[in-house]
Amino acid sequence: ENNNNNNKPKGSVRHRLESEWEDSQQTRRKLTMSTPVSTLSSSTTNQAALNQILEKLKQPLLDLEERIYELSGLSMAHQDQNTADDNMSTVENTVAEERQKMLMAWKRKIHILQKIPSKRGTLIRETLVQAIDAARKANLGDIVVKLRSVLLMYDRTAPGECKRQAVQVLKDHGGYDMDDGDEDDDEEGEGADKDGKEEADEEKEELPIPSNLCFEAMSMLGSLGDNTNVTRLDWIHAVKSCKTISRFSALSAAFLQKASLRLDKLSSEREALEKSLERWKKELERNKRRGSKGGNKKSASKEYPTEMWADVDYTDEFCMVHLETHPWWPAKKCVAKDSKLQKSLHTFDRVLVAMVGEHGGLRCVKSTDISKFTGSAKETNLDKFSKTDRLQLKESLAIARRILRGRQDMFLDDNNIEEDDGFREEKKSAT
């Protein structure tokens with residue numbers, strides 16, 4: 001009886017403890033199940049709010065970049081370059097051989113690259129950049145993409161892998177068969193290691209330090225379209241696909257740095273234009289006073305224009321412009337959107353022009369320093385100018401001719417549009 005009496009209290013206590021334990025477990029399960037749901041709901045709400053903020057910020061950033069892209073003249077310059085590239089395939093049969101050389105130019109550069117020792121990293125990168133540029137000029141978009149991806153692999157401490165991948169791209173596209181006209185290029189590659197220490201030092205000074213950033217990081221630098229490793233479309237795509245505030249902030253900061261430098265340049269060029277307008281006004285008034293007194297007008301000193309800026313509309317009229325220490329250069333006439341400014345320029349006998357081949361640079365020149373565009377160099381002898389000027393002039397003339405061919409302007413003789421450009425002897429000397 002004592003044992004039975006002792007078991008009952010123990011049993012009742014155990015039952016009570018088990019009941020309390022079950023209640024606590026149920027409460028704990030309720031709390032455990034309710035907490036994640038609440039947290040998930042809050043997290044979802046916060047993410048939705050962030051997405052809304054990002055979507056509201058993206059378009060203003062893209063609009064701002066496009067506005068600076070147009071104001072700086074980069075839009076016009078890139079549009080002209082693309083137009084020229086598109087019309088490169090419409091060349092006449094008389095220049096079919098020249099067209100074939102352009103298609104093979106990138107292969108020739110990679111062929112030269114094979115003969116460059118792996119220790120010459122800067123020269124390897126420079127030659128690869130030249131191959132990319134040659135492929136772009138030949139309108140070979142797929143080749144440009146592949147070679148750019150190889151360039152992004154470049155490591156100045158171990159450039160051999162970059163060289164190997166570039167050669168593999170050449171092999172994948174049929175390789176390169178040498179002909180008699182390529183002997184000089186072959187000698188250039190064989191002698192690449194014999195240039196001496198001085199030339200290597202010059203290359204290190206002239207070439208920028210190569211970047212080893214990944215494509216996602218490089219795409220942040222593509223705004224305004226002035227980066228050779230990525231395009232403006234890469235930056236736009238990165239902004240549109242951005243899903244985090246931190247990445248959007250990085251894209252904005254990279255654009256802000258470039259835009260600030262560009263706007264500072266435009267501001268200084270605008271000041272130069274305003275100072276020039278004031279000077280021309282004083283000269284005009286001084287000449288009028290001298291003319292009214294019957295005195296001889298003092299001949300103004302030769303004026304060579306510097307870069308100036310104004311918000312302009314670009315016309316379709318090409319011309320040739322005289323610049324200091326440079327040959328006559330192809331340019332496109334512009335009209336200031338500010339009617340008051342345009343009237344002042346007309347009074348002072350000045351014209352705003354955009355130089356072909358420059359990225360948005362404007363000049364304000366006298367009408368006497370402008371002549372008709374004929375598709376060829378104005379000077380009969382270009383030997384007095386540097387080789388860099390001659391090569392750039394040749395490229396700029398070619399761009400202008402292709403643009404005009406695309407518009408089917410008939411004031412140029414189509415039979416001579418490519419051949420009679422004043423660079424026949426230059427082609428011989430270049431080889």
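Asp-133 and Arg-136 sit three residues apart in helix 4 (residues 121-137), about one turn of the helix. Helices here are DSSP runs of H or I with at least four residues, strands are E runs of at least two, and both are numbered from the N terminus. The two side chains form a salt bridge, with the closest N and O atoms 3.0 Å apart. A salt bridge needs a side-chain nitrogen of Lys or Arg within 4 Å of a carboxyl oxygen of Asp or Glu. Asp-133 is partly exposed because its relative accessibility is 30%. Arg-136 is also partly exposed, with a relative accessible area of 30%. The classes are buried under 20% relative accessible area, exposed over 50%, and partly exposed in between, with a 1.4 Å probe and protein chains only.

This is a predicted model, where local features need pLDDT of at least 70, side-chain atom pairs count only at pLDDT 80 or more, and totals for chains, interfaces and linings use all residues. Residues are numbered from 1 along each chain as its sequence is written, and side-chain values use heavy atoms, leaving out hydrogens and water.

Now the whole chain. The protein has 14 helices and six strands. Of its 431 residues, 37% are buried. Its accessible surface comes to about 26,100 Å², and carbon and sulfur atoms account for 50% of that. Accessible areas come from the Shrake-Rupley method with a 1.4 Å probe; for residues, only the protein chains shown count as cover. Take the contacts between residues at least 6 apart in sequence: 68% of them join residues at least 24 apart. Contact means heavy atoms within 4.5 Å.

Back to charge. Side chains of opposite charge can pair when their charged atoms come close. The structure holds 13 salt bridges. In helix 6 (residues 160-172), Glu-161 and Arg-164 are three residues apart, so about one helical turn separates them. Their side chains meet in a salt bridge at 2.7 Å, N to O. Glu-161 is partly exposed, at 37% relative accessible area. Arg-164 is partly exposed too, at 46%. Elsewhere, salt bridges that share partners join Arg-67, Asp-311, Asp-313 and Lys-337 into one network.

One link in that group is the salt bridge between Asp-311 and Arg-67, whose closest N and O atoms are 3.8 Å apart. Asp-311 is partly exposed, with a relative accessible area of 25%. Arg-67 counts as partly exposed at 40% relative accessibility.

Leu-50, Ile-53, Leu-57 and Ile-245 make a nonpolar surface patch of about 300 Å². Patches are made of residues with over 30% relative accessible area and no salt bridge: like charges are joined within 9 Å, nonpolar side chains (Val, Leu, Ile, Met, Phe, Trp, Tyr) within 5 Å. Helix 1 (residues 2-71) gives the largest share of the nonpolar patch, three residues. Leu-57 is placed in helix 1, and its 38% relative accessibility makes it partly exposed.

Next, a helix pair. How do helix 2 and helix 13 pack? Helix 2 (residues 74-86) and helix 13 (residues 387-407) meet at an angle of about 70°, and their axes are 8 Å apart. Axes are lines fitted to C-alpha atoms, for helices over the stretch in contact, and angles run from 0 to 180 degrees between N-to-C directions. Helix 2 and helix 13 are therefore roughly perpendicular. Angles under 35 degrees count as roughly parallel, over 145 as roughly antiparallel, 65 to 115 as roughly perpendicular and the rest as oblique. On the helix 2 side, Asp-80, Gln-81, Thr-83 and Ala-84 make the contacts; they meet Ile-399, Arg-402 and Ile-403 of helix 13.

Strand 2 holds Val-321. Is Val-321 buried or exposed? Val-321 is buried, at 0% relative accessibility. Beyond its neighbours within four places in sequence, its contacts include Trp-328, Trp-329, Val-353, Met-355 and Ile-370. Ala-354 is 33 residues from Val-321 in sequence and 9.8 Å away in space, C-alpha to C-alpha.

Finally, the backbone. Asn-139 is not a glycine, yet has a positive phi of about 60°. Asn-139 lies in the loop between helix 4 and helix 5 (141-152). Asp-349 likewise has a positive phi of about 60° without being a glycine. Its loop runs between helix 12 (339-347) and strand 4 (350-355).
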